[in-house]
Every structure is written in C-alpha cells, then in structure tokens.
Amino acid sequence: MVRTLALLALLTPLGAVPAAAKQSQQAPAPFTYQEVMVPMRDGARLQTVILRPTNKAGKLPILLQRTPYGVPDRAPGGIPSSWKYLMEDGYILVFQNMRGQFKSDGDFTMSMALNAKGAKGVDEATDSYDSVDWLVKNVAGNNGKLGMWGVSYPGYAAAIALAKPHPALKAVSPQAAWNDWWIHDDLHRYGAMRLSYATDWLFSLQNNDQGQDFDYGGKTPVDTYDWFLKLGPVENLDKLYFKGSVPRLTQMIEHPDYDAFWKEQRWTDKLGRTTVPTLHVAGYWDQEDPLGTWKIYEKMEAQDPDDLNMIVAGPWAHGSWHGAASDVGYVKFGHESGTDFMRDIEAPFFAHWLHGKGAKPVGEARSFQSGSWTWKSYAKWPAPGATATNLYLQSDGSLSFTAPAATAQCRDYVSDPANPVPFRERPISRTYPSQEWRWWEAADQRFVDHRPDVLSYVTEPLEADLTVTGDVSATLMASTSGTDSDFVVKLIDVLPEDYEPVKPGALGDYPRTMNGYQFPIAMEVRRGRYLQSFEKATPLTPNKVVAWDVPLRAHDHVFKRGHRIMVQVQSSWFPVIDRNPQTFVPNIYKAKPADFQKATQRVCGGSRITLPVMK
C-alpha cells in the first residue's frame, strides 16, 4: 500500500490532509496553496507547502511542521477537525518535507546527531533554523512569530529546533517526540530491539520515498508471529529481504550495544537554558513513543528559570489526542479528553505566545487521569505528595503490600524461544494499516494469563481507591538457567466481574464482556545482557538470583475500589521484541539457530512493583 498522506494521517494528525478533499462549490476555499523550495545553508532545497487561511485579515503567525511523510498536494476543501481550534485564531500553516524525502534535496539518514561544523555544516537543527529564517523573511503577511508542532517524527523535528532556536521561534509543541533510540521508543526498549515495528516503520521510510509497506515476501495476509519465527536470527531480515536498502536496520544489527554511534544521536545533550515556551504532549498508552517526551521535558526542566516548560499527558495512544479520545481501546470513559486538549490547552498555548491573546498558560503539568477519568493539574512533575510504596510478588501467586518472610521462595517456568509469548492475540497482522496495533498496549491480557510460561500475581479486591501518580518501577529478584534472558513485567488493572451488565446479544462481540478484563497500565522489558552495563553486554551467571530493575515510566491512574491489581511476568514479547536466544553471544542479532535454547526462569521473594501512591 502506498502510504504518503495516508501515513501522514496516521502518524501526524495535525499535518494530514485527506487526498480526496475537494474545494467547496458553495463557499470560498478556506486556504490558498503555494509550494516552494526553501534553500538551506549548504545549497540543498527543501520542498515546502504554505497554506494561508482566506478568512483571516492582517498579519498572522506561522505554524511550521517538518515531516518525512509527505506534504499536502493541494489545499484542503475544509478545515480538518484537528486544526479547528487553532484556525479560530488563524495561522499560516507550513509543511516541509525533511531532507532527502520526496522532492527535498539531500539524503534522509535519520541521524539525530547535532554535529554540524563550519558555515555549511548541516543537521536537523540547522535545517530547522534555516527554514524558520527563510519563512519569516519571505512569507508575505506574517507577523514575525513562528511556532513549530507535530506528532511523532514531526514532534521530534519540532523538539530538535530547540537545540539551536531561531530568534523568531516563539512557541514549540513536541508531541510524542523522542531523544534516544537505543534506550527507548521506536527502535528499542532498553536495548531490546522492537523487531516488528522497526521492520515496518523503517522499511516505509528508507526502502523507498513512497511510504510503501514491507510485503513479507509476498505473503498476504500474514501472521507476523509465524513469519518472524520462521525468519530465524534478526540478521536474516537484512540478509534475505532488505539487503542493505534500509540503512537504519543494518546499523541496528551492527551496533547492538549502547556505543558511540547511539550516544552521538542523543541530541538532548545539546540543550541549554530553556528560552522558548514549550508544550510537551505524551500518551500513557502511546504504542510507539511513550518515553521520549518525558525525557525531553525533564532535560528542559533542569534549566527553566522562566517557567516556560510544560507537559500534558493523558490516556492516549500515539497521536489520539487529536481526536475525541473518549476511550482507551475497549475501555470506554465517555469524556472527550482530546477535544479538551485541543480546545483548552493547545490552542490557548499558541494563541498567547504567537498572537498575544489571553493570559500566559499556567500549570506545569496537566494530566487526564485514567481510572477517575478527570483532569488534574500538578505544580511540577513528578507530582509532589506521592509515597513510594512496594507491592510484593508472593510465592503463592498473590500480591501484597507486606514483604514476604522467606525471600528464598520462588516460582518458576520454562521459557522456550521456539514458542515465545505473543505480544497480542494471533494472528498478528502487520503494523500498518492494522487497527489492532493502535491499542495493543490496552488489550485484555487474558489471552496469555494461563500460559505455562507466564506468571500471574493478583491482589484481593481493593477496599478503597488507590491512586498512582508518577514513575512506576519493578524490581525482580530472578534467575535463569541460561546465560542471557529477557524479563517482561506488566502492571494490570483487573476490572471486577460485575463491571458491566451483559446485554442479550452482546456475547457475539469481542471482547464478549468487560467483566474481568485485564487492563494493562504499564508494560516493559529488560534484557539480561545489559543489567550490568548498557555499553558492554555481559553474560548472566546461570541460576544466580540477581535484581532486575524494570522502569515502567510515568503514569497517573486510579485503581478503583473493587478492582484487583495484577502483575504478569514472562520472558518473551514476540515479535514486537526480538527473541532472546537465552544463550549469551557477542551480537544477539547474529545468534545461530543452535544458540536458541529453553531456559528455566525463577522469580523469587523480594520481587516487587514500586508504586507512587497519592493519599
């Protein structure tokens, strides 16, 4: 499937213009359309589209979005819903294809390194600077103020402009952005490769400039679980299919550890004092980029004497805050949190800093809290007032706030790389345009609850609401009989058996009922070879119990009275995470078939989830 504007619609809702949009015959077109080639300092020219509203007089600020996914090929016949509240104030909207994409000159390397040298040295920050400079000097009728915004890749492209901000850059909203592709987000989870997503995403970006899907060897439809299992070691993906046509995947295979190649691209190291008002946006259920926004916010917060740095988060999948956002997959809460965000937070932010309208935005952190399904404001993040509280995994399969008396007691299971635990129900379709992908991190976990290679721990029904606000983490006291291993930890809100009445005729639908639904709140993986060091992989000592620290990111959730808290532990999450052979090899992506061996995993006393509990 060709995915140009279609992919833009999926990943960057703010920039999406339906290809079928037509000019209205009853009313004037809402925008004029202009395509230009904007020159960069090294002589490269970037394809840029300018949309000017026809119903706004006077000088207007510019809103710029830089993207690798393609710019609009015509003016929309109406105002897309995600622009509605912004366009009430009026902006000149500018969309630009990044270097090497579509008609833009140069090479699309996906490098985040900020190492431009000399008068003609370039990187993404200099391209942003040069674009802003040209636009404010050459776009007629602008007021000299420019903002940047976007979701996912355009969110990162907006954020990186803050490393070398142009004087005309007056407001930025990086949404679902990233800062470190080895630690987290699109390509890895703490050094574990995000195999299926990286395959589909990187192929569409680098194999061609038309956004085409990887065809899995011509197999349609495909169960990617079965396909990747038959593929064998990760390097076979490049050897047999990509054949060097996706440079970033080749680089991932050749740089398995957190070496200089990856550290050089940690662009947030170049951030200085916060001088540009910035509104970060994160989704607690973002299936693609859940961590980067928090890390960029954290870095900017360290040097923010003028209180210009803000963050907003909610129960959202990747970019879903640019819609009604009244559900988390099958969990319906009936309040349009996305409409609230667009109308009451995003539009006033840009209106103040670019138009001079309204009061200065206040509130360091805004969160649409899941469970209570209400908006909360916090003076800072992590929110003050939370107490770190341990919830212990007991050897009888229960969860308790009381530490176990005997830490030697363990539960065990056999992890088999030939039969890995799927990350969602099979058949597992390709990432795009699959609808299952959007909400897989909120999907009912009962599909793996009784597998022999998944351990479940659960509390009694809660006697009172339990509010968790801040960074969640887990510590497993665990061992493996192998010399390498993964452990996956899931924190789950188990809905009561009487959560909803079962209506006649509803049993034919999936899920058959929300009663007993295992609603995941946080899930993460740690790879054993990196427990001692991210920079240098080391083997595990067989059967030695050691601490596995598993960060579970920031959350804001209320476990309601009558619900139960569950923790699941497993050692594979396939194929969203590549298989660990469970035998240590220098480069895990080049493991041989004989290296993939069964291993006995033990989870022992002292294992715990640490919750930031609000009173």
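Good morning. In this predicted model, the largest nonpolar core has 89 residues, and Y153 and W201 are those with the most contacts inside it. Helix α5, residues 195-207, supplies the largest share of this core, namely 7 residues. As general background, nonpolar side chains in soluble globular proteins tend to be buried together.

Let us look at Y153 itself. Leaving aside residues up to four places away in sequence, Y153 touches P68, Y69, M98, F108, M110, W178, W181, W201 and L205. Apart from this core lies another, of 55 residues, which includes A317, M514, F519 and I609.

I turn now to the sheet. It is open, has 10 strands with mixed pairing, and runs in the order β1-β2-β4-β3-β5-β6-β9-β10-β13-β14. Which strands stand at the edges? They are β1 (31-39) and β14 (374-378); each has a single partner strand, so one side of each is left without a neighbour in the sheet. On average, neighbouring strands are turned by 20° against each other, direction ignored.

Within the sheet, β3 (residues 60-67) and β4 (residues 92-97) pair in the parallel sense, over 6 bridges. I62 has I92, in β4, as its bridge partner.

Helix α4, residues 153-160, touches β3, β5 (142-151) and β6 (169-175). The direction of α4 makes about 135° with that of β5. Helix α11, residues 337-355, also packs on the sheet, touching β3, β5, β6, β9 (278-283), β10 (309-314), β13 (365-369) and β14. Between the directions of α11 and β6 the angle is about 160°. Thank you for your attention.

Notes:
Residues numbered from 1 in each chain as written. Predicted model: local features only at pLDDT ≥ 70, side-chain atom pairs only at ≥ 80, totals over all residues. Heavy atoms only, no water. Core = buried A, V, L, I, M, F, W, Y, C linked by side-chain atoms within 4.5 Å. Buried < 20%, exposed > 50% of the residue type's maximum accessible area, 1.4 Å probe, protein only. Helix = DSSP H or I, 4+ residues; strand = E, 2+ residues; numbered from the N terminus. Contact = heavy atoms within 4.5 Å. Pairing = 2+ DSSP bridges. Axes fitted to C-alpha atoms, helices over the stretch in contact; angles between N-to-C directions.
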